[in-house]
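Student: Please walk me through this one, and spell out the cut-offs as you go.

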Amino acid sequence: MKRYGMLIDLRLCIGCNACTMACKAEHGTQPEVFWCKVLEKEEGTYPAVKRLFVPVLCNHCDDPPCETVCPTEATYKTEEGLVLIDYNKCMGCSACILACPYDARTFIEEERFYFPDTPIPHGVDELRGHKGIVQKCTFCSDRLKRGEEPACVEVCPPSCRIFGDLNDPESDISKVLKENSCFQMLDSLGTKPATYYIQFCKK
Amino acid sequence: MEEFIVGLRLNNRFNSLVAFNFTLEGTGAAVILGAFFFNCVPCMTAGLILVGLGALALLFDLGSPANSWRSVFNLWESWISRGALFLAGLLLFSLPYAGSAGLRDSAAAIIFKGGGIVFAILIMSYTGFLLGTMKAIPFWNSRMLAPIFFIQSLVSGIFILNFTLSIFSSELAVNVNFQLAEILLLTAGSAAIGIHLLGLPSKSPAARESVKRMLTGRLRLLFWGGGIGLGIILPLLFALIVQTEGLSKSELSLWLPLVMTGRLAGDFLFRNVYLKSGIYESILDE
């Protein structure tokens with residue numbers, strides 16, 4: 001059985017936010033909603049200051065706290081390890097937002113558009129009509145069904161994202177995980193995230 | 001506008017409506033608990049009104065209340081599902097008990113009393129368990145939250161019970177030492193809050209920031225003035241004065257409603273401050 005995961009190499013991320021825009025174009029997320037975003041971290045003191053970029057998204061955890069707290073079972077885990085939301089079941093209590101340590105979820109109070117009456121210029125309707133519910137990254141589950149990679153992985157200019165089957169030792173992600181020292185965010189909380197990071201270079 | 005910076009984040013979802021729900025549901029359940037003991041129907045009515053208002057506050061907070069009927073689907077893991085079940089259980093046992101004098105006088109009354117008391121206790125504590133299991137927010141992730149919220153509900157409930165009994169069943173109210181119960185509970189509650197807060201700074205940067213925000217930061221006025229001043233010191237002083245020196249009936253009828261209102265406001269402000277102080281741990285070590 002496949003177990004999808006993502007590896008992000010923080011040494012390569014240049015903070016271009018192409019992934020943020022690709023995700024937005026793919027799913028039609030509304031203004032101020034970002035399923036995938038790039039956070040910044042400043043390190044050092046003048047004159048030796050550097051700015052580091054940390055792409056964050058839903059970690060599609062093996063033991064997702066969002067699924068545990070969800071009273072309506074709107075949040076569910078697929079056999080391939082994707083943590084998804086059934087918008088028709090969600091009652092918008094936001095307990096999942098409080099349970100998620102990764103700021104991966106957003107509550108949608110009302111429908112808003114970048115342009116009148118349409119989420120984005122390309123007419124994506126995936127999220128149309130869904131308000132009063134919680135949204136998050138789906139690892140582009142529709143693209144996966146078509147045999148494609150998530151939009152953020154495909155678009156990344158420095159190719160800092162690798163996506164694949166963690167249960168397949170021959171997959172690219174498994175090989176890179178074996179060859180590099182990687183970490184998972186807040187793994188002490190026991191969420192068992194499926195998103196790994198290669199640490200920044202330390203001088 | 002969201003800030004795209006690695007660092008600590010505030011809880012911005014559980015807000016005043018949720019604090020209203022926590023306060024009114026817990027207090028109402030405590031009043032119903034007392035109403036079962038004293039066999040006081042007006043008290044039970046007051047408790048049911050409070051629980052109903054609390055539930056309404058939560059419905060207003062939901063994004064899609066039309067789906068709220070699904071809220072009992074995850075009883076195995078979700079404290080919200082369990083809370084919905086406890087609420088249904090409380091109504092199932094208390095509504096018929098309040099509505100039927102025949103039932104209250106029958107042998108079946110003991111079953112309704114037993115069930116109602118159990119569900120009332122569960123409602124008074126489940127919100128503490130709900131927040132206590134949120135690992136993402138270290139300030140809430142504590143076993144102390146359930147007893148703190150339980151005691152808060154019990155103290156508020158006792159004040160309302162005392163007040164309602166003094167109107168509808170004054171001979172019974174006179175024979176019950178509510179003030180001793182209040183003194184003991186307020187002292188225990190304060191100790192529990194102290195244990196919780198003292199244990200936090202060593203936990204994590206987010207926990208330290210939460211305590212700082214509450215005690216000396218933006219929320220200090222609400223916490224010290226509202227949660228502690230109105231919620232603990234005022235009712236404690238009142239209970240101590242009544243217990244040691246006693247008050248005349250006219251003095252009691254003047255001060256009890258005022259202190260009760262202050263206590264309820266303090267309870268709400270305390271829970272509101274606890275919610276507003278919730279800060280998520282940073283995803284990367286500083």
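**Loops, chain contact and helices**

Tutor: A:D103 has 19 C-beta neighbours inside 10 Å, so it counts as partly exposed (buried means 20 or more other C-beta atoms within 10 Å, exposed 12 or fewer, partly exposed in between, with C-beta atoms placed from the backbone). This is a predicted model, in which local features need pLDDT of at least 70 and side-chain atom pairs count only at pLDDT 80 or more, whereas totals for chains, interfaces and linings use all residues. Residues are numbered from 1 along each chain as its sequence is written, and chains are lettered from A and ligands numbered from 1 in the order in which they are written.

Student: Where is A:D103 placed, and what is its phi?

Tutor: A:D103 sits in the loop between α3 and β6 of chain A (helices are DSSP runs of H or I with at least four residues, strands runs of E with at least two, numbered from the N terminus). Its phi is positive, about 55 degrees, although it is not a glycine. Most residues other than glycine have a negative phi.

Student: And A:A104, buried or exposed?

Tutor: A:A104 is buried, having 25 other C-beta atoms within 10 Å. Leaving aside residues up to four places away in sequence, A:A104 touches A:L57, A:C58, A:N59, A:K136 and A:C137 (contact means C-beta atoms, placed from the backbone, within 7 Å). The C-alpha atoms of A:A104 and A:W35 are 6.6 Å apart, although 69 residues separate the two along the chain.

Student: Which peptide bond is cis?

Tutor: The bond from A:Y46 to A:P47 is cis, with omega near 5 degrees, and A:P47 belongs to the loop between β2 and β3 of chain A.

Student: Switching topic: how many residues of chain A are in contact with chain B?

Tutor: There are 36 residues of chain A in contact with 31 residues of chain B. On the chain A side, β2(A) gives the largest share, 5 residues, and that side divides into 23 nonpolar, 5 polar and 8 charged residues (nonpolar covers Ala, Val, Leu, Ile, Met, Phe, Trp, Tyr, Cys and Pro, charged covers Asp, Glu, Lys and Arg, and the others, Gly among them, are polar).

Student: How do α5(B) and α6(B) pack?

Tutor: Helix α5 (residues 109-132) and helix α6 (residues 145-168) of chain B pack at an angle of about 150 degrees with axes 7 Å apart (axes are lines fitted to C-alpha atoms, for helices over the stretch in contact, and angles between N-to-C directions run from 0 to 180 degrees). The two helices, α5(B) and α6(B), are therefore roughly antiparallel, a word used for angles over 145 degrees. The residues of their contact comprise 10 nonpolar, 5 polar and no charged.

Student: What about α3(B) against α5(B)?

Tutor: Helix α3 (residues 79-99) of chain B packs on α5(B) at about 150 degrees with axes 8 Å apart, so α3(B) and α5(B) are roughly antiparallel too. By class, that contact has 16 nonpolar, 5 polar and 1 charged residues.

Student: How many residues of α6(B) are buried?

Tutor: In α6(B), 20 of the 24 residues are buried, so the helix is largely enclosed by the rest of the structure. For α1(B), 19 of the 23 residues are buried, so that helix is largely enclosed as well. Just after α1(B), B:N39 takes a positive phi of about 55 degrees.

Terms used: Parallel < 35°, antiparallel > 145°, perpendicular 65-115°, else oblique. Contact = placed C-beta atoms within 7 Å.
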